[in-house]
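The following exercises are to be worked with the sequence and the coordinates at hand. Each task is followed by a solution in steps.

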Amino acid sequence: MPLLEVKDLHARIADKEILRGLSLKVNKGEVHAIMGPNGSGKSTFANVLAGRPDYAVTQGQVMLDGADITALLPEDRAVRGLFLAFQYPAEVPGVRPWQFLKASSDAVQTYRRQAKLSVRDFTKVFDGAVKETGINSELVKRSLNEGFSGGEKKRNEMLQMKVLQPKLCVMDETDSGLDIDALKMVASVVNGMRTAERAFIIVTHYSRILNYIQPDYVHVLVDGRIVQSAGADLAHEIERSGYEKFLKAGARTS
Amino acid sequence: MTQGITVSREKGLEEKGYKWGFTTDVETELAPKGLNEDIIRLISRMKKEPEWLLEWRLKAYRYWAKLHAGEGAPKWAKVEYPPIDFQDIYYYAAPRSQSGPPKSLADVDPEMLEAFEKLGVPLQEREKLAGVAVDAVFDSVSIATTYKAKLEELGIIFCSFSEAVQKHPDLVKQYLGSVVPATDNFYAALNSAVFSDGSFAYVPPGVRCPIELMTYFRINTEGSGQFERTLIIADKSAYVSYLEGCTAPSRKTNQLHAAVVELIALDDGEVKYSTIQNWFPGTKDGKGGVYNFVTKRGKCAGRNSKISWTQVETGSAITWKYPSVFLQGDNSTGEFYSVALTNNYQQADTGTKMVHIGKNTKSTIVAKGISAGHGRNTYRGQVKIMPGADGATNHTQCDSLLIGPLSVANTVPYIEVRNPTARLEHEASTSKVSDDQLFYLQSRGISAEDAHHMIITGWSRDVIKELPFEFAIEANQLLKVSLEGAVG
């Protein structure tokens, strides 16, 4: 049974259909890269997986671990092990990252019918992740994402992914706007978390990050559909010749 | 008059959120309804007050009666309510078993102790609660003051107002009305005429009060008003932190609460005053609830003195209060930190007044208003810099948070500067809980309701963090309970 199975997914925002029959299977232990030109629906796909309420799923299904999660609330997907690393994480004044993540960890543990982590144990995990992601330890004592630079926000997303240890990590353009050091940190977190049980979906515009994270599959998304899937070499091909040749393949047929 | 209402209504109430809505079955001694000079004489006689205090009350009453016959209650606040029939209120309601103040906890009616137990007020002097001294005011009468002996060793006086009148008449006479005169305003005059009890605290020179002093106010009797009077004095280089909590039963009729609080800080003295106001807010469709018309004011009388107000206002059908500081001593500091929440049909018109008189006086205002449902929330604040206040500074921050399409927030700042060296800053914002914030928190497994709560308490954090620790936890819980049904 695949960890994630997306069947003929259609989704729209307001009157605009953005996903138009997207299908994808992701097995445990795999890393999938989703690439595509601007406006192809990559970020929409990541957000629809996480259950963002702005999007309406009009057709198709999303199965996680054999359970249909298409209609679940975002929080119910999260506790089942689906994690979205945001491209633009929201700022939440007055809420400290520690407190936020402890609440999140508690929700996950409760769903798993396991004891909540003690403050001491959680702090140990949290501090470890702060160190590994290189996030400014002064910043995490303040408000969630407030006053964080773009790079710090991305580090904070990786910090959360590291602490929560989800089954399926969906990363929405985590690499965009990162300098080389931050990019290597992201790769190191992902590579360190790769296990036979966990899978990653890396949504990206550029193949740069895939020089540090070896994907098992690369998919090209055009106009809300996957138009080509292949191994890691596909990313290099895109790096050489761009998305031009895929655009025709994905042209809308009315 | 015995009230046959059971004590176990906590769960059966239709107002799911208000778990403090129980009534307590104790026999109550009521003065007849209505207000006139005879009632005031009766109150004063029952409390065995000295002649000067009766005269003070009568003077206040005559002033109030004149206002009442004339323009009536002040109308400038942005709150709406039908005219109050002041002759249809009990001005004195005392639990009957209390003939004279109780000598010790053993003399207090067990039913009443149980009522306070339910409220979570630590009235018993238990080891684990060794941090708070409590004076509990039930309807009009102060029930018991814990930790008295411990405080007495340090020369700290903490007792009911009535007891202070008997045992410390000179202090009461010296300070009563010195910050809020009997003729200050309509409701202050009413309170001065009919106040029946309250708390009194005096901390002598150089003493830092080692525990938090606390008063728990509770209205129990139907149709009774509560008019407590609180007077707190920090003498030279003294420090005191005082907590005030308030609840009332759920009733379909409105209840009037018109308190007066006076704070005085002498040279280098400091008073920190924290309130959690959770009077019954009325039903979801706006029936019943407490009218909370309160005058609170502090006077920084001495040099380098400091008075700090922190309030979390979640209760009452209508709140009308402006805890203020008169900064008279040079280098004195006034602070006001407030979170006011209105849900359903609650209305709040609240804020502060900082009057800078002395040199280099400094004030800080952080006011946060949360409106949900049909709630109406107005911040009204005045900063006044008098001619002699060289180098005065004020920083004001007013933030409003709107929940739902029908709630209303207003900000009404008044600034009056009569000294060119003053420095004032004013920041204001209005925001909503954004969908992005909610989705972000939910995507980490936090339920919509908890996410709302987390965003709102985070937004209120600058105020909540000013509260003593246990009070802060209670405040966070209250914000959550008060918003149930408004979000999610």
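A residue is buried if 20 or more other C-beta atoms lie within 10 Å of its own, exposed if 12 or fewer, and partly exposed in between. The model under study is a predicted one.

**Exercise 1. Overall form of chain A**

Task: Determine what share of the 254 residues in chain A is buried, and state which radius of gyration a compact globule with 254 residues would have.

Solution. 
1. Under the burial criterion, 46% of the 254 residues in chain A are buried.
2. A compact globule with 254 residues would have a radius of gyration near 18 Å; chain A has 18 Å, so the value agrees with that expectation.
3. Taken along the principal axes, the C-alpha atoms of chain A fill a box of roughly 55 × 40 × 35 Å.
4. The secondary structure of chain A consists of eight helices and 10 strands.
5. Among the contacts in chain A with a separation of 6 or more, 72% join residues 24 or more positions apart.

**Exercise 2. Helix H6 of chain A**

Solution. 
1. The buried residues of H6(A) are A:Ala182, A:Leu183, A:Met185, A:Val186, A:Val189 and A:Val190.
2. An α-helix has 3.6 residues a turn, so residues three or four places apart point the same way.
3. The exposed residues A:Ile180, A:Asp181 and A:Gly192 are carried on the face of H6(A) turned away from its buried side.
4. Helix H4 (119-133), helix H5 (150-164) and strand S8 (199-204) of chain A are the elements against which the buried residues of H6(A) pack.

**Exercise 3. The pairing of strand S1 of chain A**

Task: State over how many bridges S1(A) pairs with strand S2 of chain A, and over how many with strand S4 of chain A.

Solution. 
1. S1(A) and strand S2 (residues 16-26) pair in the antiparallel sense over eight bridges; within S2(A), A:Leu19 stands opposite A:Ala11.
2. Two residues lie between the strands in the hairpin of S1(A) and S2(A), where A:Ala14 takes a positive phi near 50 degrees.
3. Strand S1 (residues 4-13) also pairs in the antiparallel sense with strand S4 (residues 56-64), over seven bridges. A:Arg12 has A:Ala56 in S4(A) as its bridge partner.
4. A:Gln59 is found in strand S4 of chain A. Leaving aside neighbours within four places in sequence, A:Gln59 is in contact with A:Asp8 and A:His10.
5. Because A:Gln59 has 15 C-beta neighbours inside 10 Å, A:Gln59 counts as partly exposed.

**Exercise 4. Chain B and its contact with chain A**

Task: State how many residues each chain gives to the contact, and which elements give two or more residues to the side of chain B that touches chain A.

Solution. 
1. Chain B has 11 helices and 23 strands, and 56% of its 488 residues count as buried.
2. The contact takes 21 residues from chain A and 17 residues from chain B.
3. On the side of chain B that touches chain A, helix H8 (435-442) and helix H9 (448-459) of chain B are the elements that give two or more residues.
4. By class, this side of chain B has six nonpolar, seven polar and four charged residues.

How values were computed. Residues are numbered from 1 along each chain as its sequence is written. Chains are lettered from A and ligands numbered from 1 in the order in which they are written. This is a predicted model: local features need pLDDT of at least 70, side-chain atom pairs count only at pLDDT 80 or more; totals for chains, interfaces and linings use all residues. Two residues are in contact if their C-beta atoms, placed from the backbone, lie within 7 Å. Helices (H or I, at least four residues) and strands (E, at least two) are DSSP runs, numbered from the N terminus. Ala, Val, Leu, Ile, Met, Phe, Trp, Tyr, Cys and Pro count as nonpolar, Asp, Glu, Lys and Arg as charged, and the others, Gly among them, as polar. Two strands pair if DSSP finds at least two bridges between them. The radius of gyration is taken over C-alpha atoms; the globule rule is 2.2 Å times the number of residues to the power 0.38.
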